Amino acid sequence: MPTGIVESPVKIDPRVAFQSPEVWAKVTGKAIYGGDLMLPGMLYGRILRSPHPHARIKKIDIKQASGLAGVRAVLTGSSIVQKPYGIVIDDELPLAEAVVRYIGDEVAAVAAVSYEQAAEAARLIRVEYEELPAVFDPAEALKKGAPQLHAKFPGNIAWERHLERGNCDQAFREADIVVENTFTVPPIHSTYLEPTVCLAVSDPYNGLILHTAVQSPDQVRTIVARVLDLPLSKVRVIGPVMGGGFGGRVYGNLKLYIIASLLAIRTGRPIKMQLTREEEFLVGRPLIGAELKLRMAVRSDGTILAREADIITDNGAYSAQAPWVSKTLSERNDSVYQFKAIKTKVRLVYTNKVPTGQYRAYGNQAANFATESLLDMAAAKLGFDPLEIRLKNCVRAGDVTVHGLQLKSCALADCLKAAAAEIGWHNRKEGRGYGISAAIHSSGSVVFDKNFRGAAALARLELDGRVSIFSGEQDYGQGAHATFTLIAARALGIPAELITIHTRDTLASPFSIGALGMRQTTIGGNAIRLAAEQLREKIVQTAADMVNEPVIFEGGSVKSASGQVIELPAIAFRYYSLTSGLTLVGEGKYVPAESAYDKSGYGNIAVTYSFAAHAAEVEVDKLTGEIIVHRIVAAHDSGRIINHLAALGQVYGGVTQGLGMSCFEGYLFEGGRVANASLADYRIPTSLDVPAIVPLFIEQDDPEGPYGAKGLGEIVQIPVLGAIANAIADTAGVRVTDLPITAEKVFLALSGWECEA
Amino acid sequence: MEKELIKFMLNGEPVEVYNDPASSLLHLLREKFSLTGTKEGCGEGECGACTVLLDDLAVNSCLIPAGKVNGRSVETIEALSKDGGVDPIQEAFVEKGAVQCGFCTPGMVMSARALLKQNPDPDPEEIKMAISGNLCRCTGYKQIEAAILLAAGKINSK
């Protein structure tokens with residue numbers, strides 16, 4: 001990979017380059033992450049994991065482990081009350097009881113006074129296994145006679161969906177050309193830099209407190225309370241600073257939290273548990289791997305008619321969010337173009353491998369790779385320019401897509417044009433390949449819980465005149481706190497420096513679905529805007545009552561008609577005095593309109609939608625297959641950008657993750673064993689791998705988002721994959737359909753192996 | 001696991017500690033001196049989150065046996081804001097938006113510090129090389145590189 005230059009941020013508006021004051025704690029090393037937490041009397045927990053991909057547990061002998069000095073508890077599946085749980089499907093137990101289903105499956109847990117003693121005790125637990133036949137390939141797992149993972153899911157199908165919109169067969173009959181291919185994507189780990197940690201504390205008065213950084217503390221709290229049979233009000237999640245998440249930590253590591261809680265309840269002592277980097281790879285719930293068999297029907301004038309898909313997603317041993325991710329992977333990308341008909345079959349299949357979950361764009365990035373590659377094949381077959389075929393078919397504002405998404409704002413065509421112009425689409429360098437790709441992503445998904453579509457927030461005027469915002473949304477590095485501060489400051493008309501955002505304690509903040517589905521700015525931000533607006537009204541009302549004349553709240557202070565200035569602390573104190581202790585609180589309830597969302601999933605699934613087009617310029621060494629990505633242009637329609645500095649950071653980071661997924665990341669397996677469970681072997685991009693990145697924002701107001709804004713954090717990764725794949729094919733003359741696209745695969749394709757141009 | 005007396009300079013002050021000489025400098029710093037600004041991202045020398053300066057050179061503290069620092073000088077992220085101030089590198093990181101989740105940041109800042117001590121006027125390529133052992137998953141490195149370039153300018157103009 002080449003180096004490229006140090007970018008100077010483009011189009012940065014210094015008025016909207018705010019950062020949370022927490023940045024100073026982070027840059028000086030003072031920010032407290034989970035691993036930094038200590039409590040008096042704290043014990044350390046360790047987990048004994050299955051060494052077999054599939055086996056029956058015949059006997060567990062804990063005598064030696066229990067007798068070791070310093071050991072305070074040893075738990076096995078038969079020594080605790082077990083309740084099946086899951087996020088979508090209840091297919092897991094806190095500790096394996098009769099059967100282990102993958103290498104890493106939790107078999108026993110230990111708490112001891114030191115980490116070393118806990119690790120030693122875990123080693124001393126003797127487990128007798130009877131190995132069972134295992135299955136690692138989803139296609140094999142679907143065959144008759146394949147080893148079965150879960151009795152409740154015969155045929156190893158965890159979840160499936162068959163969907164047809166429009167008349168797909170007819171569309172294929174009307175087509176002038178049909179292109180088809182099979183694309184494969186390995187499981188991808190979010191690879192947040194901070195390994196998952198939790199500190200569980202249990203006492204009769206407070207109940208259970210989990211100190212852990214997750215993207216959705218409220219959902220973790222609900223599941224943990226349900227599994228442990230605790231009253232919901234007796235479970236609290238408090239977040240230390242979070243060292244990255246990228247969708248991989250929406251639920252954190254539920255198993256770790258449940259086991260730490262069980263040990264804390266058993267011992268009455270705080271329990272600290274931390275996954276090693278190896279464990280992160282072995283049990284860390286990566287994005288599902290997928291095989292996508294796609295066919296596309298296109299008319300000779302370049303009109304895209306229909307798409308047929310047969311998709312198999314590799315669930316691993318348990319499900320996490322994989323059904324939801326499989327759904328997004330199989331259909332979100334269909335709303336990029338004006339498809340007339342769609343037929344989709346998607347099956348989520350159990351295998352004896354690491355259980356999967358999600359990462360950043362919920363599988364939409366995998367679909368982008370496949371669909372955008374296929375579209376270029378269609379364009380090539382028709383002699384169409386890849387840019388032109390996209391401009392001809394891409395969705396526009398006002399469209400209702402094939403799945404019923406209502407596009408209230410959409411600058412996708414402008415993104416395509418801007419990306420193409422900036423990359424030099426019509427002014428190409430000799431020996432370089434060019435690729436372009438388009439994407440849509442939900443901005444503020446409302447379908448995680450049909451009874452809970454929006455968000456709530458509180459804005460409280462403090463006695464010192466500052467404002468505290470309470471929200472259940474989460475900042476894990478992406479800059480949500482800064483964005484929320486800017487939104488509240490704008491709604492209140494006070495300086496951002498007077499506002500503090502509080503999100504990390506489930507006891508203090510309203511319940512939230514959490515940081516997923518690009519909800520933060522659109523949904524969480526709207527709730528904060530509404531809370532701040534209501535607080536503003538209350539401030540004006542209280543001030544007017546104080547001076548008994550009309551007032552205006554402008555430029556951060558309240559003035560009466562006669563010219564008196566009433567300071568915010570005085571207003572806060574007035575209300576506090578009148579009520580003997582209460583403070584003025586604005587409540588924000590943002591409840592998006594009910595979607596016409598039918599049983600087949602047809603309908604508007606999000607508050608609004610973000611769009612992007614990325615263009616890539618690459619070079620391929622025809623002798624060795626070596627790929628040099630020179631430049632990525634990332635053009636985004638995320639509505640009005642609230643915080644330019646943070647938005648640029650999202651684009652640079654998301655494009656880099658897209659590059660990693662395109663060219664070198666992915667799980668490797670030897671049988672059921674993860675063959676690259678370290679950062680040495682699972683390589684993510686370093687500073688030397690990242691090409692020049694040019695972010696472009698096509699700013700238009702969105703009618704739903706706060707101050708015209710839409711989400712950005714997930715979509716930044718999506719179109720990178722199609723753009724790089726298409727650019728490589730453009731110059732190499734061969735197409736690699738199996739991610740990651742490595743020099744080796746390009747070399748083999750150039751040599752005539754698996755060559756599909 | 002025999003403990004030994006280890007004497008070294010830590011953030012400009014002489015310190016002494018009885019410790020297992022084979023355990024890592026990272027754990028020594030975090031557990032014995034409560035210097036938790038140095039982070040553990042992998043414990044295998046792959047991520048650079050634990051970068052500290054050992055006699056002014058950037059090292060992965062997870063790979064340095066505690067006994068090896070005897071008689072030498074160790075500097076951690078905490079040294080940079082010792083008197084409540086901040087270093088120009090830290091200022092530049094904030095100014096350029098180089099900090100997202102922040103977990104790589106202390107190690108990144110220390111690698112930048114080692115670079116600027118040896119090469120006060122690095123070019124972009126030298127900056128990329130200097131932080132190539134520090135993984136960051138959030139930023140794509142662009143704003144970090146811009147920050148280090150800015151910091152060099154700030155330091156040189158002093």
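This is a predicted model: local features need pLDDT of at least 70, side-chain atom pairs count only at pLDDT 80 or more; totals for chains, interfaces and linings use all residues.
Hi everyone. Two strands count as paired if DSSP finds at least two bridges between them.

Strand 3 of chain B, residues 51–54, pairs with strand 4 of chain B over 4 bridges, in the antiparallel sense. To pick out one residue pair, T51(B) has N60(B) in strand 4 of chain B as its bridge partner.

How many strands form the open sheet of chain B? There are 5, in the order 2-1-5-3-4, and the pairing is mixed. Strand 2 (13–19) and strand 4 (57–60) of chain B are at the edges with a single partner strand each, so each has one side without a neighbour in the sheet. On average, neighbouring strands of this sheet are turned by 40° against each other, direction ignored.

There is a helix to look at here too. Helix 3 of chain B, residues 105–118, lies across strand 3 and strand 4 of chain B, and runs at about 30° to strand 3 of chain B.

Let's move over to chain A. Helix 14 of chain A (residues 520–547) packs with helix 15 of chain A (residues 568–579) at an angle of about 80°, and their axes are 10 Å apart. The two helices of chain A are therefore roughly perpendicular to each other. Which residues make the contact? From helix 14 of chain A we have I539(A), T542(A), A543(A) and M546(A), and from helix 15 of chain A we have I571(A), R574(A) and Y575(A). The residues of this contact divide into 5 nonpolar, 1 polar and 1 charged.

Conventions
Residues are numbered from 1 along each chain as its sequence is written. Chains are lettered from A and ligands numbered from 1 in the order in which they are written. Axes are lines fitted to C-alpha atoms, for helices over the stretch in contact, and angles run from 0 to 180 degrees between N-to-C directions. Angles under 35 degrees count as roughly parallel, over 145 as roughly antiparallel, 65 to 115 as roughly perpendicular and the rest as oblique. Two residues are in contact if their C-beta atoms, placed from the backbone, lie within 7 Å. Ala, Val, Leu, Ile, Met, Phe, Trp, Tyr, Cys and Pro count as nonpolar, Asp, Glu, Lys and Arg as charged, and the others, Gly among them, as polar.
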